[in-house]
Amino acid sequence: MKTPVLLALLLSPPAHAQTVPASMSGDWFVQESAGGSDSAKTCEFTQKGSDLTGTCASKATGNVLLTGKVDGDKLTWTIKFQTLVGPVTATYHGTLKAENKIVGIVNAQEFKMEGEFSATRYKLVWSDDFNQDGKPDPKKWTYETGFVRNQELQWYQPDNARCENGLLVIEARRERTKNPNYEPGSDDWTKNREYAEYTSASLVTRGLASWIYGRFEMRARIDTRPGLWPEFWTLGTNREWPWGGEIDILESWGRLLNANIIWAGQTPGYSRSSSKRRPIAAFGDPDWSLKFHVWRMEWDEEKIRISVDDEVMNEVDIDKAANGDGTIPFRQPQYILLNLAVGGVAGGDPSKTQFPARYEIDWIRVYQ
């Protein structure tokens, strides 16, 4: 009767033995609760055996090296970086709660401070780097056409989008185009204009790709002159607006940056929103609009967070973004839209702006 017990003892590892789970290698988004939004970092782990190496990057720390250890579902890593008040050594003590979720405590050793953190691993699931000159990839993008929304002045058409020199260029032009849907005397704004005086393009992934949750990123340069309205946003696939929800990762008009989350209100025909605006002048860079910037949305089961260049613009609790009928649109798939509008209800007066105008996108990536 003792043989099975002896065999079990021989097969069981000692209590102190180190165990190594499936690889931690990959990109992890790390958020410290005590540090607020500015503490967010993207860390790239490389695991070999029980050893962790890699880098962490944020606006506050820059790109810094990390070293650490993995032991079963426990892991520890350390980064060192400079701050305005001196060097900081931050050590993260975490527990793997799920395949893609770590929670734990971070210690700032020099200042004897600690706080909680969480980390989420992302995998690149969709991207476009626009490296092939010519038309955008038809397997990834389709187009809106005509007069579409917001009483905007432009006629959307595929001809105003092209890839060149590693960029997607959406070009707005001042050119007259006949409206084939024209009906004299119509009350419908899409039909009572005989001509469009401007053209542009709107690219969408509708019918080709959509997602529930993830990290959506775009590196782009936008034209912020009067009358122009560039956007990088998402809409729900399952219901009409606003019941399907809308997330404006980038919206710019009137020398403002906007970050909006929109859903249906209690009253039929009305929407509710969490909208945050920031003057571009507030970034303190007179050449801001001449440079490329990175827009990001983090969307998980709890929150939607929108940022530009790692500065958080808006954050919404999904449970509080419920439609008037109680449904929550942000637990359903969304697809991407990219467009450069002209004029309309918010775009302003383009009459004194010189055309053509360009919205230049370097890349778009979706991680889950």
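Colleague: Which strands each supply at least two residues of the lining of the second largest cavity?

Modeller: Strand 18 (246–253) and strand 19 (256–264) do. Keep in mind that this is a predicted model. Strand 19 gives the most to that lining, with three residues.

Colleague: How should I read a cavity, and which residues line the second largest cavity?

Modeller: The general idea comes first. Rolling a probe the size of a water molecule over the atoms shows where empty space is left. Here, the lining of the second largest cavity is made up of I249, L250, L257, N258, A259, W295, I306 and M313.

Colleague: What volume does the second largest cavity have, and how many cavities of 30 Å³ or more does the structure hold?

Modeller: The volume of the second largest cavity is about 30 Å³. The structure holds two cavities of 30 Å³ or more.

Colleague: Let's go to the cores. Which residues have the most contacts inside the largest nonpolar core?

Modeller: Those are M218, F232, L257, W295, L338, Y359 and I364, in a core of 51 residues. Strand 25 (residues 357–367) brings the largest share of this core, five residues. Another core lies apart from it, with 23 residues, among them M24, V30, V106 and A119. You've met two of these names already: L257 and W295 are in the largest core, and L257 and W295 also line the second largest cavity.

Colleague: Now disulfides. How many does the structure hold?

Modeller: A disulfide is a covalent bond between the sulfur atoms of two cysteines. This structure holds one. It's formed by C43 and C56, with their sulfur atoms 2.0 Å apart. The pair links distant parts of the chain, 13 residues apart: C43 sits in strand 2 (residues 41–48) and C56 in strand 3 (residues 51–58).

Colleague: Which hand does the link of C43 and C56 have, and are C43 and C56 buried or exposed?

Modeller: The link is right-handed, with 110° about the S-S bond. Both C43 and C56 are buried.

Colleague: Why does C163 count as buried?

Modeller: Because its relative accessible area is 6%, and the limit for buried is under 20%. Compare D285, which counts as partly exposed because its relative accessibility is 22%.

Colleague: Where does D285 lie?

Modeller: You'll find D285 in the loop between strand 20 (271–279) and strand 21 (293–299). Its C-alpha atom is separated from that of Q334 by 33 Å, and the two residues are 49 apart along the chain.

Colleague: How do I follow the pairing of strand 1, say with strand 2 and with strand 8?

Modeller: As background, in a regular strand the side chains alternate between the two faces of the sheet. Strand 1 pairs with strand 2 in the antiparallel sense over five bridges, and F29 has T42 in strand 2 as its bridge partner. Six bridges join strand 1 to strand 8 (residues 113–122), again antiparallel. There, E32 stands opposite F117. Strand 1 (residues 26–32) is mostly covered, with five of its seven residues buried.

Colleague: How many bridges join strand 5 to strand 6?

Modeller: Ten bridges join strand 5 (residues 74–83) to strand 6 (residues 86–98), and the two run antiparallel. To find a spot in that pairing, look at F81, which stands opposite V88 in strand 6.

Methods. Residues numbered from 1 in each chain as written. Predicted model: local features only at pLDDT ≥ 70, side-chain atom pairs only at ≥ 80, totals over all residues. Heavy atoms only, no water. Disulfide = S-S within 2.5 Å. Helix = DSSP H or I, 4+ residues; strand = E, 2+ residues; numbered from the N terminus. Buried < 20%, exposed > 50% of the residue type's maximum accessible area, 1.4 Å probe, protein only. Pairing = 2+ DSSP bridges. Core = buried A, V, L, I, M, F, W, Y, C linked by side-chain atoms within 4.5 Å. 1 Å grid on protein atoms, 1.4 Å probe; cavity = no way out; pocket = protein on both sides within 12 Å on 5 of 7 lines; lining within 4 Å. Points joined across faces, edges and corners; volume = space filled by probe spheres on them.
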